[in-house]
Amino acid sequence: MYDRNDFSMKLFYYQRCDRTPNFGDELNTWLWPKLMPGSFDDDESTLFVGTGTLLNSLLTERTKAAQRLIIFSTGAGYEQPLRQIPQHWQIACVRGPLSAAVLALPAKTAITDGGILVNRCFKPSGEKTATYGFMPHIHHATYAATDWKRICEPLGIRYIDPRGPVEQALEAVSQVNVLLAEAMHGAIVADSLRVHWIPIVTSPRILRFKWQDWCASMELPYCPQVLPPLASYPRYGRGVRSGVRSAAHWRDCLQQSPLLSSSHQAKISQRLTKIMTQGKAYLSEETVLGQRLEQLEYALLRLSSRF
């Protein structure tokens, strides 16, 4: 879309310690080269930071070899907030108004998550193969994929693994009428592909802040449906990453969900059935999506013109 061969940069995105691919992070490797072909190489002097909740105190350490950082639609939320923005950072836009507020950026810097640009790069087959799909958080897919498949199949819910290939996940999302989304980027691409979505929470691992940030950018509320955790989940605290106002976040989630108790499959199935029949599904207004897409495209054009 924005083919410029007179500059180059390297993609920077979050990669799990065990190298397990995660849909929201791997989306970077699929999306940005399509939008900016010929713009990426392995030179770390200039880094492009796209989708992900990366705007925190650790980013400066993780990118210390770079002479320039380009921040495009990235979000704040995990770890400790930045005390100041380094001079070599170029912030084109951030995920939403909460990220802008945390970083003391002008309100106009908040557009939305760049994941909605999937709308410009992916053409669904047009065939619907299931009424409902479910994409769990990567943490829960890692520990409980087999259990979730066992729960989803009898209910006719298509299980969509966030660890699979990006294009495969995009096709799967496009083929359902409603996505039950615990993975935020599942909801983001669903919205961009005009698939209704219902936010789900099954443990305190889900960071409310980043969801509220993105939803606010799309002029939507964040009202998740809460399910009890699976017995195969690890105990509370294992692998938990701290976040903005994390103490209140974990307290609220613990009040909603008895994380240390085991849950019977029938109880979860019953709750899922109720969510499918009574839960509110969301989809941003066409005008809002169109405006955000135009704003992101304009920000990309401005970005390329500065090189």
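## Exposed by definition

A residue counts as exposed when its relative accessible area is over 50%. Glutamate 219 has a relative accessible area of 54%, so this residue is exposed. Keep in mind as you browse that the model is predicted.

Where does glutamate 219 sit? Its place is in the loop between helix H8 (208-217) and E9. The backbone here deserves a look too: phi of glutamate 219 is near 60 degrees, a positive value in a residue other than glycine. Most residues other than glycine have a negative phi.

## Another positive phi

Arginine 19 also has a positive phi, near 65 degrees, and again the residue is not a glycine. You will find arginine 19 in the loop between E1 and H1. Is arginine 19 buried or exposed? With a relative accessible area of 58%, arginine 19 is exposed.

## The four-stranded sheet

Now to the strands that follow one another as E1-E2-E3-E4: these four make an open sheet with parallel pairing. At the edges are strand E1 (10-12) and strand E4 (89-94), and each of them pairs on one side only. Going from one strand to the next, the twist averages 20 degrees.

Isoleucine 70 has glutamine 90, in E4, as its bridge partner. Helix H1 (residues 23-35) lies across E1, strand E2 (46-49) and E3. The direction of H1 is at about 145 degrees to E1.

## The five-stranded sheet

Which order do the strands of the five-stranded open sheet take? They are arranged as E6-E5-E7-E8-E9, and the pairing is parallel. Strand E6 (157-159) and strand E9 (225-226) stand at the edges; each has a single partner strand, so one side of each is left without a neighbour in the sheet.

How many bridges join strand E5 to strand E7? Strand E5 (residues 130-135) and strand E7 (residues 176-181) run parallel and are joined by five bridges. Tyrosine 132 stands opposite valine 178 in E7. Helix H7 (residues 184-192) lies across E5, E7 and strand E8 (196-201), and H7 runs at about 155 degrees to E7.

Definitions and conventions. Residues numbered from 1 in each chain as written. Predicted model: local features only at pLDDT ≥ 70, side-chain atom pairs only at ≥ 80, totals over all residues. Heavy atoms only, no water. Pairing = 2+ DSSP bridges. Helix = DSSP H or I, 4+ residues; strand = E, 2+ residues; numbered from the N terminus. Axes fitted to C-alpha atoms, helices over the stretch in contact; angles between N-to-C directions. Contact = heavy atoms within 4.5 Å. Buried < 20%, exposed > 50% of the residue type's maximum accessible area, 1.4 Å probe, protein only.
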